[in-house]
Amino acid sequence: MSDANPGTHRERADGSDSPAQVTGAEWWRHAVIYQIYPRSFADGNGDGIGDLRGIIDHLDYIDSLGVDGIWLGPVMSSPQADHGYDVADYRDIDPIFGTLADMDDLIAACHQRGLKITLDFVPNHTSEAHPWFQAALAAGPGSPERDRYLFRPGRGEHGELPPNNWRSVFGGPSWTRVIESDGTPGEWYYHLFAPEQPDLNWRNPDVLPEFSDVLRFWLRRGIDGFRIDVSDAPMKDPGFPDTADEQPLIPKDEASGVHDIYRAFRTVFDSFDGDRMAVVETGAPAEIVALFLRPDEMNLAFNFSFTRSPWDADAIRDAITSALAANDAVGAPTTWVTDNHDMPRSVSRYGTSLRLVGEYVPALDQQAEVDVALGIRRHRAMALLMCALPGTVYLYNGQELGLPNVDDLPEAVLQDPVWERSGHTERGRDGCRVPMPWSGDEPPYGFSTNRQTWLPMPQGWGHYTVENEDADAESMLMLYRRALSLRAIHPGLGRGAIRWLEAADAVLALEVASELEPVVVVVNTGGTPAPLPAEIPVGITILSSDPTVPTGSNVVEIPADATVWLRRP
Ligand code: GLC
Ligand code: CA
C-alpha cells in the first residue's frame, strides 16, 4: 500500500462491504479498557508464558467484567529484551504469543462480543534486531542508514567518552559504543531505555512514513486504536547538551516538532472508518499532556498524577481537578488509572504510607511492611471513585482480583532489564507482572498447564483466583462487576460533570451530574469513620466499597478507608 492514503477514502476495518464493526461516536470518551499484559494473562500452549490463544480462551471472562475493550501489551516480533517493548518487526506477531492468524482470530472474537481491541505501539525506539538498526550498524558513520537512529561520535581524545552525560531510564549511560566493520570502536548510539532499544531519529524523513504505514497495517486488520509508548519522547534536543541532573532533554512543546508526528498519525486514523483512537503515555505535567490531546492530535492520555497519588484526599483531589481542567481546555476526556505493568500494584502502594518515586519506572521509595488487607480496602474505595469520575477507566489485569505486588521474587528469577541495568539496586517491575491466578489452590492456578511459569507464582494465592472470587459476593471481582454494570446503565456515572462538596478533613465528596439523578460519591481516606458532607447529612447507598454498608441502606457516616455511592433520600 502506498503511504499517500487519500483522506477522502475511508478504509473499512476488514476490507469488506459489511458495515464497520466499530460503532458509537467517540466511544473512547467514556470507556473502560482492560489492559492485558500478554505474558501474564493466560497460557494457551503450556510453555509457561501467556499468549494470544490464552486470551481468546478467556474472552468470556473479560466480557463478564463489563469492560468496553482491551489494550494488549506488545506482541509484535521481539527479542524480548524489555518484554516486547523492543520490536524487531512491527508487522508480525512474536512466536511466543502466536501468529498473525491468531491475532486475526482475537480481533474477530473481540468484535463478535462488541469489545474494542487496541494495541501497544512503540515508535520511540526499535529493537537492536530491527533490520533498520542492523543496516545502520553495517553501513557505517555518515550513512543514510545511520541517520535513522541517533549515532554520534564520542568525546575524549579517541571518542572513548559518551557524547553527553544523559542517563538511561533503566540505569547506566544512555549511549552505547559500536564496533565498526573494520573491528575498531566507533560511534555511539542513543537509547533512552536499554541498549537493546536504540532510539529512532524522528527528524529522518524515512521514519514517519514507515510508522504511519505500520499503523495502517493494523488498522486495516481491524484494530480500534493504540496505546502509544513513551509518546512524548521522540524529539530529543538535537544539540544533545550535557544537563545538570543528567536527565535527557526532551522538549514537548509545539516548537519541538513532536506534535507534528501526532497530527500525521491523526490523519492516518481519520482515513479509516469507525472511531480509531490512541491513548498517549507521558509523565509530563497536565498542561503539557493536554497539548497531545488537541482535536487534531490524539484522544486520551494516562493521568499519572492520579496514579501516583498517595492515599490522601488532597493529593487525589488535586490530581482530579488539574487533569480535568487541562483536558477540558482542549475538549479531551480524562483517564483514571491506578495500576499498570510499570509500577508496584496499588494494593501494595495503598497498604503502606510510602510514595512512588521515579518517572518511567516508579518504585516504592523504600522497603516497607505492606498491610495487604488495608491496601485492599483502599483499592476498593479507589475503584469506586474511579468508576464514577467522568472519562475513561483503564484496569490492569489482576487489579480486579485485588492482587498485591509480589515483592519477594527471588533475585535469580528477576527479568526486568532494570535489575541488571541498575547494578542490582532496583528490583524493577516484575512484582506487578506475576501471572494471573485463575483457579485451584496451587501454582500455577490454572494460568498454565506448566508448573514452570515465566515468573513463579506465590503460594497462598488460592483466594485471589477468578474461580474463588467468582463465588464470593464480597470479592474485589464482584465489586468491579457491580460498579461497571451500574456505570454502564446510569447516565451520570463515568460521564456527568462533577461538583465538589464541602467535606470533613480526609474526605473527598463530589456530586456527579445526571439527567436521571445525581450520584454523590464520598471517599473517606481517614482511618476513622467520617460524617457525610453537611449538604447531604443522610444518603441512600447505591454501592459501597465496604461490605458492611449494604446497598439500599441509609447512611450518615462513611467507614474508614471506604467509598460510598449515594443518592439523596
Ligand atoms: C514504557 C512502557 C515500559 C517500557 C518503556 C520502554 O514506559 O510502559 O514498560 O519499558 O516504555 O519501551
Ligand atoms: Ca504460551
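Me: How far is an oxygen atom of ligand 1 from an N or O atom in the side chain of aspartate 342?

Reply: Keep in mind that this is a predicted model, where local features need pLDDT of at least 70 and side-chain atom pairs count only at pLDDT 80 or more. Side-chain values use heavy atoms, without hydrogens and water. A polar contact is a pair of N or O atoms within 3.5 Å. For aspartate 342, the distance to a ligand 1 oxygen is 2.4 Å.

Me: How much of ligand 1 does the protein bury?

Reply: Taken alone, ligand 1 exposes 310 Å², with areas from the Shrake-Rupley method and a 1.4 Å probe. The share of that area buried by the protein is 100%.

Me: Which residues come nearest to ligand 1?

Reply: There are 13 residues around ligand 1, near meaning that a heavy atom lies within 4 Å. By class, that shell has 3 nonpolar, 3 polar and 7 charged residues, where Asp, Glu, Lys and Arg count as charged. Those that come nearest are Asp82, Arg227, Asp229, His341 and Asp342.

Me: Which residues coordinate the calcium ion, ligand 2?

Reply: Donors here are N, O and S atoms within 2.8 Å of the metal, or 3.2 Å for Na, K and Ca. In sequence, the donor residues are spaced D-x1-N-x1-D-x1-I-x1-D. At 2.3 to 2.4 Å, they are Asp43, Asn45, Asp47, Ile49 and Asp51.

Me: Is aspartate 51 buried or exposed?

Reply: Buried means under 20% relative accessible area, exposed over 50%, and partly exposed in between, using a 1.4 Å probe and protein chains only. Aspartate 51 has a relative accessible area of 4%, so this residue is buried.

Key:
Residues numbered from 1 in each chain as written. Chains lettered and ligands numbered in written order. Polar contact = N/O pair within 3.5 Å; in protein donor to acceptor, adjacent residues only side chain to side chain.
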